[in-house]
Amino acid sequence: MRYQETFQVSNMVVDRYFAELTGAEAKLLIVVFRQTYGWVDKRTGKRKTRDWISHSQFVKKTGLSRRA
């Protein structure tokens, strides 16, 4: 596995928030990390710090309903 194909989640985020999140909330948060820090720009070699993520992307990537 190459570094460019991974993303990291801060220990602080896991330690502080994951115990309080529901399963659906955790899935959504992981998608946000994956869609931002999980992407490397091939031109610059830098990771995204933000992105537009549509409802349909969340539904597809999490398996949750639109309502959830």
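**Reading the model**

Modeller: Start with burial. Buried means under 20% relative accessible area, exposed means over 50%, and partly exposed lies in between (1.4 Å probe, protein chains only). Of the 68 residues of this chain, 16% are buried. Keep in mind that this is a predicted model: local features need pLDDT of at least 70, side-chain atom pairs count only at pLDDT 80 or more, and totals for chains, interfaces and linings use all residues. Residues are numbered from 1 along each chain as its sequence is written, and side-chain values use heavy atoms, with hydrogens and water left out.

Biologist: How many helices and strands does the chain have?

Modeller: Both are DSSP runs, numbered from the N terminus: helices are H or I with at least four residues, strands are E with at least two. Here there are three helices and zero strands. The pattern along the sequence is α-α-α. The C-alpha atoms fill a box of roughly 35 × 30 × 20 Å along the principal axes.

Biologist: What share of the contacts joins residues 24 or more positions apart?

Modeller: A contact means heavy atoms within 4.5 Å. Counting contacts with a separation of 6 or more, 44% join residues 24 or more positions apart.

Biologist: Which residues of helix 2 are buried, and what covers them?

Modeller: An α-helix has 3.6 residues a turn, so residues three or four places apart point the same way. The buried residues of helix 2 are Ala26, Val31, Phe33 and Gln35. Their cover includes helix 1 (11–18) and helix 3 (55–62).

Biologist: Take Thr62. Is Thr62 buried or exposed?

Modeller: Thr62 is in helix 3. It is buried, because its relative accessible area is 9%. Leaving out residues up to four places away in sequence, Thr62 touches Lys27, Leu28 and Val31. The Thr62 side chain also reaches the backbone oxygen of Phe58 at 2.6 Å.

Biologist: And where is Gly38?

Modeller: Gly38 sits in the loop between helix 2 and helix 3. Gly38 is buried, with a relative accessible area of 9%. Its C-alpha atom is 26 Å from that of Arg67, which lies 29 residues away along the chain.

Methods: Polar contact = N/O pair within 3.5 Å; in protein donor to acceptor, adjacent residues only side chain to side chain.
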